[in-house]
Number of protein chains: 2
Amino acid sequence: MRVDSVPEATLRRLPSYYHYLLRLREKGQELISAAQIGVALGVHHTQVRKDLAVTGSQGRPKVGHRVDDLIASIEEFLNWNNVSDAFLVGAGHMGTALLGYEGFERAGVRIVAAFDASPRRAGKKIQGVSVLPVEKFPDLARRMHVVIGILTVPAEDAQGVAEMMVASGIQAIWNFAPIVLELPETVIVEDVALYSSLGVLSRRLAVRRKSAAARDSVRAGP
Amino acid sequence: MRVDSVPEATLRRLPSYYHYLLRLREKGQELISAAQIGVALGVHHTQVRKDLAVTGSQGRPKVGHRVDDLIASIEEFLNWNNVSDAFLVGAGHMGTALLGYEGFERAGVRIVAAFDASPRRAGKKIQGVSVLPVEKFPDLARRMHVVIGILTVPAEDAQGVAEMMVASGIQAIWNFAPIVLELPETVIVEDVALYSSLGVLSRRLAVRRKSAAARDSVRAGP
DNA sequence: CGCAGATCGAGAAAATCATCTCGATAAAAA
DNA sequence: TTTTTATCGAGATGATTTTCTCGATCTGCG
Ligand SMILES: NC(=O)c1ccc[n+]([C@@H]2O[C@H](COP(=O)([O-])OP(=O)(O)OC[C@H]3O[C@@H](n4cnc5c(N)ncnc54)[C@H](O)[C@@H]3O)[C@@H](O)[C@H]2O)c1
Ligand SMILES: NC(=O)c1ccc[n+]([C@@H]2O[C@H](COP(=O)([O-])OP(=O)(O)OC[C@H]3O[C@@H](n4cnc5c(N)ncnc54)[C@H](O)[C@@H]3O)[C@@H](O)[C@H]2O)c1
C-alpha cells in the first residue's frame, strides 16, 4: 500500500495556493471558490478542487471554502505547522541569502546553525545565526536531533558534504548545488534546480525569437 | 503547427545532463552511453535517449555519444551559447546572492545591472555590478535592448515591478517572489518556487515519520 | 569474414496527470 | 415554496509523459 499517493504536481501547487490564500486573508476575505483560485493562479478549477481535496479540506456548494480552513488544511498537510530545525552547510552567497530570510519558518523550517569549511566564515554570525566549523556538524546534528540539511556548497564539494550529513543522521537534504547526489534511497533529496528553470526560460525565449524571425521572413516574401 | 513541442520535463532535465557532462569532460571522458547517464542521474535510459534526441544529438550503437557533442547540442538547444543581458530588480538578500554568482553566464544569462528602490542600496556596486535607482530601469532597458528581467523584490511589490518591466520591453521574467504574476500571455514567466520544493520535502518527511510511527505501533502490538 | 555483445532509436503499451461531464447540494431569488 | 444559480466532488475521458519492446547498427574479437 502506498502511503503517499499524492501527485508531485499537486504538492508543488499547494504552496502557491497557500501564499495566495494568505494574501486573501490579509485583505479580509473569508470565502473563496476553487474557480476563483484557478483564475488567479492559472490552474483549471477542477484541478484546484482535486488538489484541495487531498488536504482533506471541504467546500460548500454555492459558498466555496473558508479561507482560514484552507490555510490550516494546507499547513497541516505539508506539516508546515510543526517547525523543524535545520542545519545549513556552505555560508557563501546563497547560504547567506537563505540565512537572512524569515519566510521559511512559515514553511516549517528554521535554520538554527550554519557551517562552513573556511576559517574566514566560521566564528561569525549571519543574521543572528552562528556559523560554525563544519567539523562540528556531526556531533551537533546528533545531539540536537536535526534531520534537515540545507546544502549550499560548490558542486564539487556537495557529494562529500551530503555523505557527511547522512552519516550524521540527516534524513532530508535541500540541495542547491547543480549535481545529482548519490545517497541511500532512504534519504529524501529535494533539488533546487535553478538551472532547470533558467533552461526553460532560455529555450522559450529562443523559440519565440525563432518563430518571430520566421514570421518576419514570410512577411517579407519568400 | 506547434514550434515548441518539447515536453517541459525534458527541458528541466537537460541542464542536469549538461552539468553531469561537464564533469565527465573535466575528468577526460570522451564517450558516454544513455544508460550510464541514466544510472548516474536516476533517469530511465530510454528517457535519456528521448531527451537527448530533441537536441538533435545522435549516438552510435555500441559506442554511445561523444561528450563534447552532447554538451554542444544541449548548449545550442537551450541557447546557452548566446549570452543575453539581464537586469535584476531587488538587490536584497537573494538579489545579492545571484549577483555574486558566475555560473549563469554558462547558462546564457549575464546580469549587467541591478536596480533597487531603496536609496541605501542604489549607488553601490555589488560584485562589480552597479545598483541603480529603479526609476532608471525603463529607459536603460529600452536603450540596451534588455529583454530578460530577474525579479527579487518582496512579494507585495512583485506585481508592480513586473508590470514596469513589461512596459519597458522585458519579454521574459525569472521570478523569485512567491506570487503568481498576472501579465500578458506573451510574457514568458518562469517561477523559482522555492516553497514548492520545501513543500515536497516537508511532506515527504512527514509521511515518512507517520509511516514509521505506524510501523512502530504495529510492532508494539495493536 | 562472420558472430557476439552493446547500444541506439522508433513505436507500442502503460502510467500518470489534466480536463471534461454531470448529478448533488446549498443559498438566494422569485 | 419553488426555481434558479453557483459551486462542489466523483467518475469518465483525454492528453501527456514514461516505460517497455524490439529490430537495426556498429565495434571488436575469434
Ligand atoms: N549564488 C547563486 O546565485 C547560485 C545560483 C545557483 C546555484 N548555486 C549553487 O549554490 C552553491 C553555493 O553557491 P554560492 O554562490 O553560495 O558559492 P560560494 O562560493 O559563495 O559559497 C560556498 C561556501 O561553501 C563553503 N564550502 C566549500 N566547501 C565546503 C565544505 N566541504 N564544507 C563546508 N563548507 C564548504 C565555502 O567556504 C563557501 O563559503 C553552489 O553549488 C552553486 O552552484 C548558487
Ligand atoms: N532570501 C531568500 O532566501 C528567499 C527565499 C525564498 C524566496 N525569496 C523571495 O525573494 C524575494 C526577495 O527576498 P529577499 O530576502 O532578497 O528580500 P530583501 O528584503 O532582502 O530584498 C528585497 C529588495 O527589494 C527592494 N525593493 C523593494 N521594493 C522595490 C521596488 N518596488 N523596486 C525596486 N526594489 C524594491 C528592497 O529595497 C530590497 O533591497 C522575496 O519575494 C522573497 O519572498 C527569498
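Modeller: Let us start with the domains, whose bounds come from an automatic or database domain assignment. Chain A is divided into domain 1 (3-77), domain 2 (84-191) and domain 3 (198-222). Taken over C-alpha atoms, the centres of domain 1 of chain A and domain 2 of chain A are separated by 31 Å. This is a predicted model, in which local features need pLDDT of at least 70 and side-chain atom pairs count only at pLDDT 80 or more, while totals for chains, interfaces and linings use all residues. Residues are numbered from 1 along each chain as its sequence is written, chains are lettered from A and ligands numbered from 1 in the order in which they are written, and side-chain values use heavy atoms, with hydrogens and water left out.

Colleague: How many residues of chain B are in contact with chain A?

Modeller: Contact means heavy atoms within 4.5 Å. In this model, 59 residues of chain B are in contact with 61 residues of chain A. A second way to describe such a surface is buried area, the accessible area (1.4 Å probe) that two parts lose on being put together, summed over both. Between chain B and chain A it is about 5900 Å², and carbon and sulfur atoms give 63% of this. On the chain B side, Tyr195(B), Leu201(B) and Arg203(B) lose the most area to chain A, together 12% of what that side buries.

Colleague: What is the count of salt bridges and of residue pairs in polar contact between chain B and chain A?

Modeller: A salt bridge is a side-chain nitrogen of Lys or Arg within 4 Å of a carboxyl oxygen of Asp or Glu. The count between the two chains is two salt bridges. Arg204(A) forms a salt bridge with Glu8(B), where the closest N and O atoms are 2.9 Å apart. A polar contact is a pair of N or O atoms within 3.5 Å; within protein, one must be able to donate a hydrogen and the other to accept it, and residues adjacent in sequence count only if both atoms are side-chain atoms. There are 20 residue pairs in polar contact between chain B and chain A (both at pLDDT 80 or more).

Colleague: Which element gives the largest share of the side of chain B that touches chain A?

Modeller: Helices (H or I, at least four residues) and strands (E, at least two) are DSSP runs, numbered from the N terminus. The largest share, 17 residues, comes from α8(B).

Colleague: Which residues come nearest to DNA strand D?

Modeller: A residue is near a molecule or strand if one of its heavy atoms lies within 4 Å of it. Of the 21 residues around DNA strand D, those that come nearest are Arg49(A), Arg13(B), His44(B), Arg60(B) and Pro61(B). Base oxygens of DNA strand D lie 3.0 Å from a polar side-chain atom of Lys50(A) and 3.4 Å from one of Lys50(B).

Colleague: Why is the site of ligand 1 described as shared between chains?

Modeller: The site is shared because residues from chains A and B surround ligand 1. Of the 25 residues around ligand 1, Met94(A), Asp116(A), Arg121(A), Val153(A) and Tyr101(B) come nearest. A polar backbone atom of Val153(A) is 2.6 Å from an oxygen atom of the ligand, and a backbone N or O atom of Ala97(B) lies 3.3 Å from an oxygen atom of ligand 1.
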